[in-house]
Amino acid sequence: MTTTPDLAGRLGIFARTFVRTSAAEVADAVADAGYALAHWNFAAIGRSTLAADVTDAEFREVAAAFRRAGVGIPSASATFNLIHPDEDLRRAQLAEAVELIGRIGMLGVEVVTLCTGTRDAGNMWRAHPGNTAPDAWRDLRAGLDVLLEAAAEAGLLLGVEPEAGNVVVDAPAAARLLGELGDGAPIGIVLDPANLLTPATLPQQERILTEAVELLGPRVVGAQAKDVVAEGYSAAGAGGMDYDRVFRLLAGLDPVPLVVQDVTEPDAARVREDLLHRHAAALVR
């Protein structure tokens, strides 16, 4: 993973924060908000995340637009429901994801992010009782085997994010997956501390987040920034998560991109400045 040690140089934002009609407009909006990096998703320009409707020429246009704007693209989304209960849909989307992984290198990315999936047919981020059944893990592994082969051929890493609504529900589940796949598998962890917490568990966040870093730290290839609130909107740093602790924990890992998620476009520049301030303050305490 190519990064700079200072946070400003590795602070990014989801490109789809700035939905536009062209990649050039998205790249300029990211740069205008002050971010050095963007996590790419073709949904930012109204196309499908898995890019089945995107030509190679359009891939190259995205890469050129971000180069002109001076914004790096360290990672991109290939998210779909890896254990969707509709096997035909799951098979079709898996094939699209393989195709995307084979082409996404045109953007210069190093990490392709996934959703480990849920048995919920309507929302790939929503929990379902079937997610804990042995067949859910079996289907996850079967899909990952295909994607891992594609990633190895493309020279990329897959990024798996522990997510409360998915099969890889928490840090221990992510550690189990990494252990089964082995150290040589082209896969790492996208660590979003907010995904590991709920409003009810915020008082235990020191223990939960410390455990996550201890279990997953050497395999973390990216991090995300949002927050935890009982209801309503809260950008990173404005909710209940202890960002001082988060930044101190992340400081013990190799420097990786930190990508802001779930922020409104008007709030993007302010969140960047707030996170930089919080990061600097945390590391001098």
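Predicted model: local features only at pLDDT ≥ 70, side-chain atom pairs only at ≥ 80, totals over all residues.
Student: Let's start with strand 2. Which residues does it span, and are its faces covered or open?

Tutor: Strand 2 is residues 37-40, and both of its faces are covered. L37 and H39 are buried on one side, and A38 and W40 are buried on the other.

Student: OK, and how does strand 1 run relative to strand 2, and how many bridges join them?

Tutor: Strand 1, residues 11-14, runs parallel to strand 2, with 3 bridges joining them. I13 stands opposite A38 there.

Student: And strand 3, how many bridges join strand 2 to that one?

Tutor: 3 bridges, and strands 2 and 3 run parallel. Strand 3 covers residues 72-77, and its A76 stands opposite W40.

Student: What about the connections? Which helix goes with which strands?

Tutor: Helix 1, residues 23-32, forms a right-handed β-α-β unit with strands 1 and 2. Helix 2, residues 56-69, makes a right-handed β-α-β unit with strands 2 and 3.

Student: Switching to A65. Where does that lie, and is it buried or exposed?

Tutor: A65 lies in helix 2 and is buried, at 4% relative accessible area.

Student: What does A65 touch, leaving aside neighbours within four places in sequence?

Tutor: A65 is in contact with A23, A24 and A27.

Student: Now aromatics. How many pairs turn up in the whole structure?

Tutor: There are 4 aromatic pairs. One of them is W40 with F66, edge-to-face, 5.5 Å centre to centre with 75 degrees between the planes. That pair links W40 in strand 2 to F66 in helix 2, 26 residues apart.

Student: How accessible are W40 and F66?

Tutor: W40 is buried, with a relative accessible area of 1%, and F66 counts as buried at 1% too.

Student: What about F42 and F59, what's their geometry?

Tutor: F42 and F59 are an edge-to-face pair, 4.9 Å centre to centre and 65 degrees between the planes. F42 is in the loop between strand 2 and helix 2 and F59 is in helix 2, so the pair ties together parts 17 residues apart in sequence. F42 is buried at 2% and F59 at 0%.

Student: Which residues form the aromatic cluster?

Tutor: W40, F42, F59 and F66 form one cluster.

Student: Last one: what sits over the ring of W137?

Tutor: The charged end of R176, 3.8 Å from the ring centre.

Note on methods:
Residues numbered from 1 in each chain as written. Heavy atoms only, no water. Buried < 20%, exposed > 50% of the residue type's maximum accessible area, 1.4 Å probe, protein only. Helix = DSSP H or I, 4+ residues; strand = E, 2+ residues; numbered from the N terminus. Pairing = 2+ DSSP bridges. Right-handed = clockwise from strand over helix to strand, strands pointing away. Contact = heavy atoms within 4.5 Å. Phe/Tyr/Trp six-rings, centres within 6.5 Å; stacked < 30°, edge-to-face > 60°. Lys NZ or Arg CZ within 6 Å of the ring centre and 35° of its normal.
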